[in-house]
Each structure stands twice: as C-alpha cells, then as structure tokens.
Amino acid sequence: MTTGGALPIQTPHSDAWNKVRERLRSEYGEATYNSWLKNIGLEAISNGHVTMSLPTKFLRDWVINNYANRIRQIWCLEADDIQSIDIHVKETGAAVTDSNAGQAPMEMTGQKVRPINADASPDSARNLKSQLDVRFTFDNFVVGKSNELAHAAARRVAEASDNIPFNPLYLYGGVGLGKTHLMHAIGHAIADNAPDKKVLYLSAEKFMFRFISALRYKDTMSFKEQFRSVDVLMIDDVQFIAGKESTQEEFFHTFNALVDQNHQIIISGDRSPTDLEGMEERMRSRLGWGLVADIHPTDYELRLGILQSKVEQAAINIDPRILEFLAHRITSNVRELEGAL
C-alpha cells in the first residue's frame, strides 16, 4: 500500500492512478490540488473497486462531499474495469496522521514555545467569549458619520443566520478607530445569538505563530482542520502577514476553503486591500471580494459622544466643558481620547 500517490511496483492500474492525479491537478488547479487532493493515497484495487485513503477525517469528509464524484468519473475514464471508489481515513503509515491527538498544539512566542490555550479552539460560545474583550460590544460602540458603514456591515454579518450577506467583510482604518471593537462586537453577538456556531477570532500574528508551530511539529493537518472547519473566521490586523510568503500561502488556501463552504470570513486591516504592500495580488483580490468598509478619523461630534459614553459607563461625574475641551484637543484616535479620562 502507498500514500501520496505512486504504487511501489508496477501494476495494470499504476499508470491510470498517475493520470487520475494529473487530471485532478489540471482541472482544479495547483492551489486546490495541494490543499485537498495531494494527500490522497492509493491503497488497493480489487474487482473494479478502488480503495483510497486520507490522513484525517476532516480531509476525507471534505473530499467525499466535494470531489468524490469527479474522482470516480476520472477513474472510469482512465481504467475501463473500475466501477466504484471508496475513501477512508488511514490511521497509520507514512502519511501525516492524527498521532499527535491529545497533545496540546504549540505556539511560538519569540524564542519560547508554549502550549496554545485550549480556549483558543472554536468549540463553544464560552471559548469564544474568553477571547473577547467584554467592553467591546455593539451597545458600547458609538456611531457617527465616520464609522456608520462599518458598523452597519458588522451588525448585518453578526445577525445573519445561514444567508451570508457579503464574504469577506473587510474593515479597515487607522490605529484606534474601532476596527477591533467591531470585530469583538461581532464575536459577542454571534456567541449570544448562535452559540452552536464554531467561531475563531485571533490576530494575524497569532495565525502566523500557529502556522509556524504546525510546520515545526509536522502537524499541518491538525492546523488545516482547525481553521477550515469553523463557521466564522475573524482575523485582526491582516497587514501583519504582508511579506510573509508561506503564511500568506496558507491563509490563501484557508480563505478559499471557507468561501467554498459558504462560511463567513471577517478581516480587519490598517489600509484597503489594494494598498496592502507586501501582500500577493491574488490575496489582495480576494480580500476585496465582499464588502470593504473603511472607518474614517473621528469628527468632533463623534469624539464628544465617545467621551460622554465612557463617562456614563464609568458612572463618574465630569464637567461637560472638560469633555468638550478634550474632544477638541485630542483628534488622533479613540484610544488616546479614552486614555485622557
């Protein structure tokens, strides 16, 4: 038996298997082939029945749901005696397996390696809540002309059930203008309204660290399974992976896989997709597929509203003239505005 493709010795079907693989690569393209089909192993052929394998249940289920019919058709074209196929999970062997199951995946921070917190897995609303700032909800977000489009889009995505309004939702703006607040608010709303949904929120930096860890510990299949099985993926500060080719490549395949499944992607960045220097053109193009909503610098009215909201939340008494003075003087970003209180 073999994995990854070629038979150890020549058989009447070895040439057919090679042709099947090449046709799959040609029809679906290099990216899809490498993500989903490359690791199919040919196990046996008997009485017109082909047995193939994949290293994880997630990959097996995905291939069966999306490619099995075409694989069978190609087999029948390449070998007249083939009538049916079967794909199962290969528990052991040379292919990447789930042998690391039960071990905590690792996250690299600088030169140190530590286990990833189990709360980072998209298993429940409670786990999602643990990743979110309790202050960043829609109720606490002050809306003005500079952010009303982004706020409306975020609420639309958060309240959508099975009909995704736009994919991805891309929020961009300068530092401290509310992108992360809206991302957390979406997460809170989904956790409250649809607790069964698998939602994963993390920064692009953490995405890169986990990918590097998966490569280091030869556990890329678990990495793919975690990120490509979620209902909603939220990536904050995507500009962090600009110029990082391997991470961009994996993010590109993750993005495509989720869109193919009609699962929601929400991304934030510090500039529009077209202006992300160091990001591959194909990735910039995909980031602009859905709705791109920018958040402009705040005006005086919005800054004053934010200060008034913070004062109410903190239940403190401040002279309104002081709030007006601060709203006039601090114009850079909301974080500095809040820090002045």
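Let me start at the loop between α7 and α8 (220-228), which is where lysine 218 sits. This is a predicted model, so every value I quote is computed. Phi of lysine 218 is near 50 degrees, a positive value in a residue that is not a glycine. The side of the story that concerns solvent is brief: lysine 218 is exposed, with a relative accessible area of 67%.

Asparagine 47 is a further case. Its phi is positive, about 50 degrees, and asparagine 47 is not a glycine either. The residue belongs to the loop between β1 (41-46) and β2 (49-54). What is its relative accessible area? The value is 78%, and asparagine 47 counts as exposed.

One more backbone item. The peptide bond from asparagine 167 to proline 168 is cis, omega being near 0 degrees. Proline 168 lies in the loop between α5 and β6.

Now the chain as a whole. It has 13 helices and 10 strands. There are 341 residues, and 47% of them count as buried. Taking contacts in the chain with a separation of 6 or more, 73% are between residues 24 or more positions apart.

Next, the sheet. Five strands make an open sheet, in the order β7-β8-β9-β6-β10, with parallel pairing.

Which residue of β9 stands opposite methionine 234? That residue is isoleucine 266.

α6 lies across β6, β7, β8, β9 and β10, and runs at about 160 degrees to β8. Helix α7, residues 204-216, also packs on the sheet, where it touches β7 and β8. The direction of α7 makes about 100 degrees with that of β7.

On to α5, residues 148-159. At 1.5 Å a residue, its 12 residues should span 16 Å, and the end C-alpha atoms are 16 Å apart, so the two agree. Which residues of α5 are buried? They are Ala150, His151, Ala153, Ala154, Val157 and Ala158. Seen down the axis of α5, the buried residues fall within an arc of 165 degrees, so they line one face of the helix. As a reminder, an α-helix has 3.6 residues a turn, so residues three or four places apart point the same way. Arg156 and Glu159, on the other side of α5, are exposed. The partners of the buried residues of α5 are β6 (169-173), α6 (179-193), β9 (264-269) and β10 (291-295).

Last, a helix pair. Helix α1, residues 14-37, and helix α2, residues 57-66, have axes that come within 10 Å and cross at roughly 130 degrees. Angles of 65 to 115 degrees would count as roughly perpendicular and those over 145 as roughly antiparallel; α1 and α2 are therefore oblique to each other. Which residues meet here? From α1 there are Ser35, Trp36 and Leu37, and from α2 there are Phe58, Leu59, Trp62 and Val63.

That is the end of my list.

Conventions
Residues numbered from 1 in each chain as written. Predicted model: local features only at pLDDT ≥ 70, side-chain atom pairs only at ≥ 80, totals over all residues. Heavy atoms only, no water. Helix = DSSP H or I, 4+ residues; strand = E, 2+ residues; numbered from the N terminus. Expected span 1.5 Å × (residues − 1). Buried < 20%, exposed > 50% of the residue type's maximum accessible area, 1.4 Å probe, protein only. Arc of directions from axis to C-beta. Contact = heavy atoms within 4.5 Å. Pairing = 2+ DSSP bridges. Axes fitted to C-alpha atoms, helices over the stretch in contact; angles between N-to-C directions. Parallel < 35°, antiparallel > 145°, perpendicular 65-115°, else oblique.
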